[in-house]
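Hi,

Here is the model I promised to pass on.

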Amino acid sequence: MIRVENISLSLGGREVLKDVSAVFEPGKTNLIIGKSGSGKTVFLKCIVGLLEIDSGAIWYGDVLFNKLDFRARKEIRKEMGMLFQGSALFDSMTVEENVRFPLDMFTTMSYDEKLERVNFCLERVNITDSNRLLPSELSGGMKKRVAIARAIAMKPRYLFCDEPNSGLDPKTSIVIDELIREITLELNMTTIVNTHDMNSVMENGEKIIFIEEGEKCWEGNKSQILQSDCKLLNEFVFANALAKQLKESAR
Amino acid sequence: MTFRFLSGFGAYWMLLGKVFSRPEKPVIYYRQTMKELVSLGLRSIGIVIIISFFMGAVITLQTAYNTENPIYPTYLIGLGARDSIILEFSSTIVALILAGKVGSNIASEIGTMRITEQIDALELMGVNSASYIILPKVVATLIFNPFLTLISIITGIAGGWIVGTTAGVITSSDYIYGIQYAFIPYYITYALIKTLFFAFIITTVSSYHGYIVEGGSLEVGRASTKAVVYSSVFILLVNVILTQLLLS
């Protein structure tokens with residue numbers, strides 16, 4: 001479980017996170033939603049420690065993560081996997097080398113054992129016969145899937161996804177969403193996904209946190225989101241014409 | 001302006017602190033260093049040979065035209081070319097050229113890794129990104145740049161000999177006598193010591209500018225330019241200091 005307590009952060013004199021608290025439970029796909037520039041990515045980067053918070057606390061189980069030094073954080077980071085917005089695959093490495101990288105760095109497995117694990121992870125995300133390809137030779141959807149394979153290579157307890165659907169067509173987005181949901185259940189991970197894709201919200205939203213201007217405005221799940229009274233949330237959720245029509249017809 | 005320079009200077013030394021911390025898995029760093037030896041060292045041989053050959057030729061021709069006097073023996077052309085090449089050209093000028101080639105390459109590579117979140121990915125895995133990315137580059141250039149300097153010295157002197165004799169400004173025997181006359185072996189040591197300092201400056205200054213990039217491709221371009229400018233300025237500054245320390 002990840003627990004975030006009253007975290008705040010200012011960047012360049014602007015308060016980008018204001019007293020945000022949340023609990024993210026294991027075995028669930030937790031979503032952070034909000035429009036572009038609302039502070040979702042900053043929030044996620046604070047949770048994983050890529051940005052240092054000004055105040056508040058971040059707990060990984062019983063460990064106060066934000067007070068740990070680099071070496072102590074390293075132990076928890078070995079239990080983290082992250083899917084970045086642009087996939088963040090290492091350009092100079094092949095698909096196989098990308099997925100093998102954390103295993104090379106942090107395990108004493110033999111080459112054959114590592115290769116077996118790499119192939120298992122790649123098959124799990126439906127990538128086959130692409131071990132020797134470079135990231136530049138992959139499509140956007142394939143890159144995301146390879147990034148997921150790399151993220152789960154070390155069997156993490158925590159998975160973080162920053163806008164996993166960005167730049168993907170609707171069908172591929174659904175595939176990625178399903179993959180994240182299935183892997184979360186399989187490995188009983190605590191998964192946190194940043195998104196503004198409403199399809200993801202309605203499919204995966206077991207727990208949803210809505211952020212606006214760096215503040216948490218609403219918390220609930222996918223069945224509660226359509227009935228919410230939160231004006232800002234409604235403006236976000238029903239921003240497009242189709243969603244508006246659905247709401248009207250529901251009434 | 002002064003504050004920005006000082007805070008940048010402090011950040012540079014702090015980054016170096018991270019770079020020279022204990023590597024997570026030495027075998028991975030060794031492999032990375034081998035890759036960098038090829039990328040930053042072997043792939044620079046071509047340009048070093050071409051530039052050194054022509055610079056050696058020009059130095060010889062200019063020395064010849066400036067010493068066109070019956071008082072001076074012609075072998076002095078060879079001596080002058082040799083000392084110019086060893087003392088200044090093959091260490092400092094080649095370092096400035098490498099600051100352009102290798103420095104911009106390093107800054108743009110690391111800058112791109114930064115803006116495409118590859119460095120964040122490393123950090124998130126618990127890898128010391130500064131050490132993993134920069135240390136192999138520093139080690140590779142410290143190992144290989146002295147060889148580049150020696151290649152440059154040999155090619156420069158050879159260029160001077162070929163063009164000098166072909167143009168008829170000096171005979172082959174005079175040139176060969178000149179390059180052996182009053183030779184001080186310490187000059188080679190001096191050139192190699194300077195090369196080590198310059199290699200360190202090129203890789204660390206360029207890596208620093210790439211590592212701190214924020215924004216997009218435009219900023220990566222700016223970082224690449226800054227890397228070359230700052231590396232060149234520091235090379236020239238350290239050149240003065242080292243010359244005073246080593247030759248006085």
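Phe160(A) has Ile192(A) in strand S8(A) as its bridge partner. I count strands as paired if DSSP finds at least two bridges between them. Helices (H or I, at least four residues) and strands (E, at least two) are DSSP runs, numbered from the N terminus.

Before I go on, a word on conventions. This is a predicted model, in which local features need pLDDT of at least 70 and side-chain atom pairs count only at pLDDT 80 or more, while totals for chains, interfaces and linings use all residues. Residues are numbered from 1 along each chain as its sequence is written, and chains are lettered from A and ligands numbered from 1 in the order in which they are written.

Chain A, around S7

On its other pairing, S7 (residues 158-162) of chain A meets strand S6 (residues 80-83) of chain A in the parallel sense, over four bridges. Two of the facing pairs are Met80(A) opposite Tyr158(A) and Gly81(A) opposite Leu159(A).

How many residues of S7(A) are buried? Five of the five are, so the strand is largely enclosed by the rest of the structure. Buried here means that 20 or more other C-beta atoms lie within 10 Å of the residue's own (12 or fewer is exposed, in between is partly exposed), with C-beta atoms placed from the backbone. As a reminder, side chains in a regular strand alternate between the two faces of the sheet. In S7(A), Tyr158(A), Phe160(A) and Asp162(A) are on one side, Leu159(A) and Cys161(A) on the other, and both faces are covered. S6(A) is also covered on both faces: Met80(A) and Met82(A) are buried on one side, Gly81(A) and Leu83(A) on the other.

Chain A, the antiparallel sheet

Chain A also has an open sheet of four strands, in the order S2-S1-S4-S5, with antiparallel pairing. Its edges are S2 (14-24) and S5 (63-64), each with a single partner strand, so one side of each is left without a neighbour in the sheet. Strand S1 (residues 2-11) of chain A is joined to S2(A) by seven antiparallel bridges, and Leu9(A) has Leu17(A) as its partner in S2(A).

Chain A overall

Chain A has ten helices and ten strands. Its radius of gyration, taken over C-alpha atoms, is 19 Å, close to the 18 Å that the globule rule (2.2 Å times the number of residues to the power 0.38) gives for 251 residues, so chain A is as compact as a globular protein of that length. The C-alpha trace spans about 55 × 45 × 35 Å along its principal axes, and 43% of the 251 residues are buried. Of the contacts between residues at least 6 apart in sequence, 66% join residues at least 24 apart; a contact means that the C-beta atoms, placed from the backbone, lie within 7 Å.

Chain B

What does chain B consist of? It has nine helices and zero strands. Its C-alpha atoms fill a box of roughly 70 × 40 × 35 Å along the principal axes. Of its 248 residues, 44% are buried, and 87% of the contacts with a separation of 6 or more are between residues 24 or more positions apart.

Where the chains meet

Lastly, 13 residues of chain B are in contact with 14 residues of chain A. Helix H5 (residues 118-125) of chain B supplies the largest share of the chain B side, six residues.

Best wishes

Conventions. Contact = placed C-beta atoms within 7 Å.
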